[in-house]
Amino acid sequence: MRGTPSGRLDPVTFELIHAALLSAAEEMGAVMKRSTYSPIIREMDDFSCAIFAANGDLVAQADYIPAQLGAMSLVVKSTLARWRNAMRPGDVFIANHPYMGCMHTPDINILMPVFLNGRLFAWTGTTAHHVDVGGVNPGTEGAHLRQLYAEGLVLPPVRLSRSGHEDPDIVAVITNNVRDPLSTMSDLRAQRAACDLGRRRLEEAVERFGPHAVRRAFAQALDHVEAAARAALRHLPDGEAEAEGFMDDDGLGGPPTRIHARLRKHADRLSVDLSGSAPQVAGALNVPWASTRAVVVYLLRAMTDPSMTTNDGILRLVDIVCPLGSVLNPAPPAAVSVRHNTCQRLAEVLVRAASAIWPEKAVASGTVTFVGVNLDSISPKTGRPSVMGDVVGGGTGAHRDGDGLDGVDTYMSNVGLVPVEVGEAEYSVRIRRTELIPGSQGLGTYEGGLGIRREYEILGFPQTLTIYAEQTDPRFAPCGVLGGGDGSPTRLRIFDPEGRELEIPTKTTLTLAPGSVVRVETSGGGGYGNPARRDPLSRQADAEDGRVLLSSGSSSRNTGTRRAGAGASRTRASRAGRESNPQPSDP
Amino acid sequence: MTVGAGGGSIASVDASGRLRVGPQSAGADPGPAAYGRGGKDATLTDAHVVIGSLGADTSLAGRMHLDLDASRDAVGGIADKLGMDVEEAGEGIVAVAMANVVRALRRVSVERGIDPRGYSLVAFGGAGPLHAGRLLRELRLNRVVVPRHPGLFSAAGLVAADLRIDDSQTVLRTFDPDRVDDLVAWYRDAAARMLRPLREDGIPRARARLMGAADCRYVGQGFELTVPLRGLGVRDVRGLAERFHVLHERTYGHANRAEPVELVTLRLSGFGTLPAPSPAPLRRGASKPSRTALVGERSLLLPRARRRRLVPVLDRETLLAGNRIEGPAIVEEMDSTTLILPGQRAKVDALGNLWIQEVK
């Protein structure tokens, strides 16, 4: 093996080992996608696969969902803290404890230590969103839950397999605590099979390159990402900005929850101060540390080089300040199951603050979170209880190069809709319509993406619906940038079998009779730049594509005039050498 | 899935000092620096020129000659950034490009439920055979076959392909070994339906081949595995679940024999072997290629070697059936160059295909 005098691998050997590690993670992902049962994993890609160094540093990850960016390394580190001296080859760990490095109870991590000559060498790991892990609500999640104990089975890192044999005791605990044990266990075994494939691939890499070189490649992969991110940061002007945004409530219908961030970029370091955010809330909107960290990683990648490999090297150039007891760093046993909403708002706030420091990179705001729809039912196919978990995305914000995207899951999330065919074949539900909503976009030189309208009809028997949304409060709808207009707010409507509309809050769990209809309308993205400057050809195409509501031409809602209501999103920035306020419509 | 690893793929060094190859390509115009059409970027082709697997005596497509100096200059730019000598950098570019191909091949194979080991790779196109030996080794493939005239392979395939008819029927029900009569009947009827058009196309029963299969999954899974059947009889169909468990285990590393198996689609393929426009069989030769096949020697840097080595160059058109070529060796023909690595052996079959294998 050729090495440079400093003991580093030569660049070619590094690339070869690095490609082998990425390939291992990708193959793990392919196995997961093909052999899992739950639509949320196999159709919607709500999972991740990764390789870790012996100390738990994330080395290579197959990218499926950014919400899980870099989060798993904290779980590996918790597992090490608990098991370091008691692990044996063939052990497989399972964990979902939000206060031990996990994100929320439905995201179950399966981790496999890889040994070489009896010594710990590396880890392979997968995390996947399981539709139900028990608890009060079908689908486990619920914004109104007040403590972690209500959020289903909580697993600190424990052994799913010991020395290569599945532990029947832990399996019995799992199967007696979840609503669809067969599908849960099958998916967990698929996760374990993926880890095992990753282990074999790592062993092949070691066989070919030698353990020393592979270990060096782990360290160098982190160094490279750090160096690339630092170089990209250095190229950006220094500056400082703060931004705030709000959750509709505290998860329980209470007052809005403030999310605030102050960004400061100096040379090749970024500091992210979140201490202006609200204290932890009574409902389940609190964000465990692994998730808060993942949002910051997302911002760093978006600002520097989105094509960068995902690993822990990027965390070396950021300081995150957030006191314990914050909604973004809660103390146990605060409930966290709907932390995704808050993460998405934090992502939006961070991107808005970054857009304020660097208007040349500005992006308008997108839908802050998908609307989550969980329905408890009996599968028409298996006769077993099953939970449909759907997520309905919205429009992304417009940006300097063009319009936002229509009907996608924005920011940290990259999850698809449940396909109509799958939804209707596997669950007792009819999906009556799925369509884009013309006129929901913020106007601008470039326009935001459109929101989605989707309707579910409950079939067969009464079913329990858990639904949660943000931005139903029009003050918190997606903001335009640099003179662009705001997107429309989100709207939830439920009709009983007679067609009468029910009054519902923004987040709720209720039982619906067959024939009831749930209608979800998600917000559109914000616009970019003065709408008067939209190119006439695009206008014509908008009209031809039916993207505009002809009657709304005179409406001021999304034409760039910012409502200056109390609590509306605010942004302030200063940049080295000059003061600027890049958002002309700011109050 | 497309991999950016053609001859025109451009090598670059990023801000953190990492060597990247592709996905940007110099295309055919200006193309690699070696084409002498003004291309300045170091491409995969230039890297091959620098390490010697393509030589000054190689004439691409029979007429284009390579500009060695232009390739060395282009690859030299990468070498300086990496702090390597130019040949090391050339070999590095080829190795990184191969790692990208391996990664993509692994991923598409696993997505289809296939382990590439144990399969044979068909290497064709102008540049495929140049990388065949490397892919054989990296992917631990069983064999690589390089057809005659690899540059014309796709066109020749269109002319020579056998007839094939596919039929399928969705069933979507839990598999029950005691309820297979209707399944067997479907295969029997489909076979009869298939033999008729084959006969009309001039395929007698003796030259028709039928292959049955069924797409199965565990109840609740979203993807199926296609399970081939041994035959189309009752016993073959009854054994479907067991064959599925075995295939699932092999593909994903786990199977659950207690779990019901869902039958999704029945499949039957009928093949009509056409009188192939068979290339005249090659004359049989000794196991050692004749002296006239050896047309030269080329100095080249082999993978993971420290210095260049003289490697024999053989003329594909002069090889005879039964010839064995011990690597390292280069086999050249008008439309392609095949590189056989040390430790590999190529055999020429009766039709002139080159089969490359690792010598165990």
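**Close-up views of a predicted model**

**View 1. Residues of α2(B) meet residues of α3(B).** B:Arg72, B:Val75, B:Gly76, B:Ile78 and B:Ala79 of α2(B) are in contact with B:Val86, B:Glu87, B:Ala89, B:Gly90 and B:Ile93 of α3(B), where contact means heavy atoms within 4.5 Å. By class, this contact of α2(B) with α3(B) has six nonpolar, two polar and two charged residues (Ala, Val, Leu, Ile, Met, Phe, Trp, Tyr, Cys and Pro count as nonpolar, Asp, Glu, Lys and Arg as charged, and the others, Gly among them, as polar). This is a predicted model, in which local features need pLDDT of at least 70 and side-chain atom pairs count only at pLDDT 80 or more, while totals for chains, interfaces and linings use all residues. Residues are numbered from 1 along each chain as its sequence is written, chains are lettered from A and ligands numbered from 1 in the order in which they are written, and side-chain values use heavy atoms, with hydrogens and water left out.

**View 2. A:Phe121 and A:Phe218 form a tilted aromatic pair.** The structure holds nine aromatic pairs over all chains, and rings of Phe, Tyr and Trp (its six-membered ring) pair if their centres lie within 6.5 Å, with planes under 30 degrees apart counted as stacked, over 60 as edge-to-face and the rest as tilted. The ring centres of A:Phe121 and A:Phe218 are 5.7 Å apart and their planes stand at 50°, so the pair is tilted.

**View 3. Chain A has a mean pLDDT of 88.** In chain A, 90% of the residues reach 70 or more, pLDDT being the predictor's confidence in each residue, from 0 to 100. Over residues 1-5 of chain A the pLDDT is below 50.

Methods
Helices (H or I, at least four residues) and strands (E, at least two) are DSSP runs, numbered from the N terminus.
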